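Hello,

Here is the structure I said I would pass on. My notes on it follow below.

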Amino acid sequence: AALTYPLETMKTRRQLGKSSVSKTKGIRGLYRGIGVSMARKCPEKAVSMVVGRMVRAQILKSTATAADLAVGHLAYWWFLAAACASTLTVSFWKVPLELLNKNIQAGRIESYRSAIKRLLCSPASVPLLCYSWMAIMIRDTPKEFLRFIVVQTLLEFHFLGTSSLSLQALRIIYTAIGSALAAYITTPLDLMASRIMTQLTEQVQVSKGKLMWSSEGLASSVTFRALGPWESLRKITQTTYQKNGLRGFFLGSRLRVLQQMGFSTISFMIFQTLTDDGT
């Protein structure tokens with residue numbers, strides 16, 4: 001998590017229409033909020049690995065190795081259940097921490113104390129947390145499902161052929177490929193999650209009224225109305241499309257692919273080293 005954190009910060013800033021590196025904070029700014037990220041990602045990845053291994057053991061209980069799994073026996077429903085279970089398990093811990101993390105990365109919050117007060121202890125906190133939770137579930141469930149499926153399918157079809165690499169090495173390579181593919185496909189969902197968590201409570205509707213005379217001449221009255229959560233979500237989506245079209249939903253995709261591929265691969269290698277039991 002620490003090694004790939006700068007990539008995550010750069011990705012979040014790109015998704016919000018900012019430069020990848022803050023001009024005022026420089027490289028050091030890429031590490032702001034790393035403590036929150038560590039507290040969020042370590043248990044998240046541990047749960048994902050454990051659930052994945054449990055599901056794999058269930059599917060492969062009658063086989064010796066993953067490579068022996070027959071094509072027709074891939075249990076896709078088990079992988080979907082694993083993705084839902086792992087995402088839901090960590091979501092209640094993950095959501096408030098990621099909400100804090102993204103606002104710190106975006107430079108909207110200067111300190112943890114002000115972040116907690118503004119994001120978690122204000123009247124708008126409940127709808128913001130609810131929409132953030134939905135955005136994270138919609139983003140992470142398909143991402144985990146795709147990763148599980150891709151890794152298992154690559155093992156099943158002997159993607160690298162009869163390689164001299166060990167099964168452990170193949171799993172590491174396929175984890176990198178699966179993580180990269182799943183990250184790219186779910187980039188639009190990640191972008192929407194980033195914008196919901198940083199912009200949902202700031203959307204306003206500007207309405208121009210009738211022309212009237214003022215001390216400065218002829219002018220029109222202007223009124224501002226704060227939008228509700230659903231209206232804000234719709235406006236965020238419309239603004240993203242109007243500015244960049246469909247490409248706008250893939251902002252930061254390369255940074256996301258690199259970050260997810262590196263984080264998942266390193267985590268998998270550490271997990272396998274600590275729990276190496278020959279499976």
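**Helix packing and cores**

Helices α5 and α6 pack with their axes 8 Å apart, at an angle of about 140°. The model is a predicted one. Angles over 145 degrees count as roughly antiparallel, and α5 and α6 are therefore classed as oblique to each other. Their crossing is right-handed. On the α5 side the contact is made by Lys143, Leu146, Arg147, Val150, Val151, Leu154 and Leu155. On the α6 side the residues include Leu167, Leu170, Arg171, Tyr174, Ala182 and Ile185.

Ala182 lies in helix α6 and has 2% relative accessibility; buried means under 20%, so Ala182 counts as buried. Leaving out residues up to four places away in sequence, Ala182 touches Lys143, Leu146 and Arg147. The C-alpha atom of Ala182 is also separated by 9.4 Å from that of Met261, a residue 79 positions away along the chain.

Helix α6 (residues 167–185) and helix α9 (residues 253–274) have axes that come within 8 Å and cross at roughly 150°. With the limit for roughly antiparallel set at over 145 degrees, α6 and α9 therefore fall into that class. The crossing of α6 and α9 is right-handed. From α6, the residues that make this contact include Gln168, Arg171, Ile172, Thr175, Ala176 and Ser179. From α9, they include Arg256, Val257, Gln260, Met261, Ser264 and Phe268. Arg171, Thr175 and Ser179 of α6 are listed for the contact with α5 and for the contact with α9.

Now the chain as a whole. It has 9 helices and 2 strands, and their order along the sequence is α-α-α-α-α-α-α-β-β-α-α. The chain has 279 residues, of which 45% count as buried. Its accessible surface comes to about 14,800 Å², and carbon and sulfur atoms account for 66% of that. Among contacts with a separation of 6 or more, 76% are between residues 24 or more positions apart.

Next, the nonpolar cores. The largest one has 21 residues, and the members that touch the most others in it are Met192 and Ile196. Two or more residues each come from α3 (76–105), α4 (112–120), α5 (125–156), α7 (187–199) and α8 (229–244). Helix α7 gives the most, with 5 residues. Apart from its neighbours within four places in sequence, Met192 is in contact with Leu233, Ile236, Thr237 and Phe249. There is a second, separate core of 6 residues, and Val150, Val151, Leu155 and Tyr174 are among them.

One last item concerns the start of the chain. Leu3 sits in the segment before α1 (5–15). Exposed means over 50% relative accessible area, so Leu3, at 70% relative accessibility, counts as exposed. Leu3 and Gln259 are 256 residues apart in sequence, while their C-alpha atoms are 9.1 Å apart in space.

Regards

How values were computed
Residues are numbered from 1 along each chain as its sequence is written. This is a predicted model: local features need pLDDT of at least 70, side-chain atom pairs count only at pLDDT 80 or more; totals for chains, interfaces and linings use all residues. Side-chain values use heavy atoms; hydrogens and water are left out. Helices (H or I, at least four residues) and strands (E, at least two) are DSSP runs, numbered from the N terminus. Buried means under 20% relative accessible area, exposed over 50%, partly exposed in between (1.4 Å probe, protein chains only). Contact means heavy atoms within 4.5 Å. Accessible areas come from the Shrake-Rupley method with a 1.4 Å probe; for residues, only the protein chains shown count as cover. A nonpolar core is a set of buried Ala, Val, Leu, Ile, Met, Phe, Trp, Tyr and Cys residues joined through side-chain atoms within 4.5 Å. Axes are lines fitted to C-alpha atoms, for helices over the stretch in contact, and angles run from 0 to 180 degrees between N-to-C directions. Angles under 35 degrees count as roughly parallel, over 145 as roughly antiparallel, 65 to 115 as roughly perpendicular and the rest as oblique. A crossing is left-handed if the near helix is turned anticlockwise from the far one by less than a right angle, and right-handed if clockwise.
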